[in-house]
Amino acid sequence: MESVIEKNVEIPDIETEMNLFGQYDKNIRIIEDALDVKIINRENEVKISGFESRVEQALEVIHKLLGLIKQGETITAQNVKYLISVNGEHTEEEDGLPLDLVCITHRGKPIKSKTYGQKKYIEAIKKNTVVFSIGPAGTGKTFLAVAMAVKAFREKTVSRIILTRPAVEAGERLGFLPGDLQNKVDPYLRPLYDALYQIMGPEAYMTNMEKGIIEVAPLAYMRGRTLDDSFIILDEAQNTTPEQMKMFLTRIGIGSKAIITGDITQIDLPGDKKSGLIEVQKILRDVEGIEFVYLSGHDVVRHELVQRIINAYEQYENRMKSKAKK
């Protein structure tokens, strides 16, 4: 029978207490409901009571939240739920909370990694020439890659930024859209434009676009080029064919870095075509200078409902696979 215990955590000041507890004690209520413990505040101390294993889990979460507060963070419900969801994991990173500063937006807002998966992704980009980031929607694959590209450009480690993605509907469907070819493909590139605009600001964005320092183009435009001294991002890579993936990877020139992002659960290629992103994992797995980073539902930083949707789809697909095997 597990024993009931009580443990205390010292709170240094009233500001820390208010940040930790949240409005109407919302943050603490999340911990209580998720871990089945009782948490009360008494004279600069938080008292946690309940079954021993649950109290230890709550204690770990609160210590990590206090670590975030020391770094100047405002605690949100998303912070609390994330730390509960990965509770007991990443013990080797006890002091390495997922808050690496990537860059500052034109409005002065810091962009930071928010999960351990994102932290690993940022570290991989710093260390490697080519990084593949594979994971579901909402995990920050594209946005963090663009932020790292802007950081490299500001630090003058690259002289230009090149963003590309495949327009899988090229052909009949695009033909029905109004305008020239650029007008037709712009809708597919919009997420890349938006990320750049948000980070760099309208003036710097437009100036660098006009100078050709920033280039946003369909993947087909990359053929035959050698891209030196560039930070190159291939987005939606699950919709490349193996031939397109090879073509893109062989464009990388001297002084360049390439980030390839994609979600292998959302492939829009015709049924008879293989995804280059799936195949490349087998081919380049052990090549020096290349790293594969896999993000999961834990790393979703959009609305919490997105995480639940992703989990529901994963469970459904696993059930279908089990039925198929039987």
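User: In which hand does α1 pass α3?

Analyst: This is a predicted model, and the two elements in question are helix α1, residues 14-21, and helix α3, residues 52-70. The crossing in which α1 passes α3 is right-handed.

User: At what angle do the axes of α1 and α3 cross, and is the pair parallel or oblique?

Analyst: Two packed helices are described by the angle between their axes and the distance between the axes. Here the axes of α1 and α3 come within 10 Å and cross at roughly 120 degrees.

User: Which element of the chain has the lowest mean pLDDT, and which the highest?

Analyst: For the chain, the mean pLDDT is 84, and 88% of the residues reach 70 or more. Among its elements, the lowest mean, 45, belongs to helix α7 (residues 172-175), and the highest, 97, to strand β6 (residues 130-134).

User: Over which residues is the pLDDT below 50, and how many contacts do these stretches have beyond near neighbours in sequence?

Analyst: One such stretch covers residues 91-96, with 6 contacts in the model beyond near neighbours in sequence. Another covers residues 170-177, where the pLDDT is likewise below 50. Beyond near neighbours in sequence, the contacts of residues 170-177 number 7.

User: Where does Ala-167 lie, and is it buried or exposed?

Analyst: Ala-167 is placed in the loop between β7 (160-165) and α7. Its C-alpha is 8.5 Å from that of Leu-189, a residue 22 positions away in sequence. The cut-off for burial is under 20% relative accessible area. Ala-167 has 17% relative accessibility and therefore counts as buried.

User: What is the phi of Asp-36, and is the residue buried or exposed?

Analyst: Asp-36 is not a glycine, yet its phi is positive, about 55 degrees. The residue sits in the loop between α2 (26-35) and β2 (38-41). Its relative accessibility is 53%, so Asp-36 counts as exposed.

User: Where is Glu-236, and what is its relative accessibility?

Analyst: Glu-236 is found in the loop between β9 (230-234) and α10 (242-249). Its phi is near 55 degrees, a positive value in a residue other than glycine. Glu-236 counts as partly exposed, with a relative accessibility of 27%.

User: How many helices and strands does the chain have, and what percentage of its residues is buried?

Analyst: The secondary structure comes to 12 helices and 11 strands. Of the contacts with a separation of 6 or more, 70% are between residues 24 or more positions apart. In this chain of 326 residues, the buried share is 46%.

Definitions and conventions. Residues numbered from 1 in each chain as written. Predicted model: local features only at pLDDT ≥ 70, side-chain atom pairs only at ≥ 80, totals over all residues. Heavy atoms only, no water. Axes fitted to C-alpha atoms, helices over the stretch in contact; angles between N-to-C directions. Helix = DSSP H or I, 4+ residues; strand = E, 2+ residues; numbered from the N terminus. Left-handed = near helix turned anticlockwise from the far one by under 90°. pLDDT = per-residue confidence, 0-100. Contact = heavy atoms within 4.5 Å. Buried < 20%, exposed > 50% of the residue type's maximum accessible area, 1.4 Å probe, protein only.
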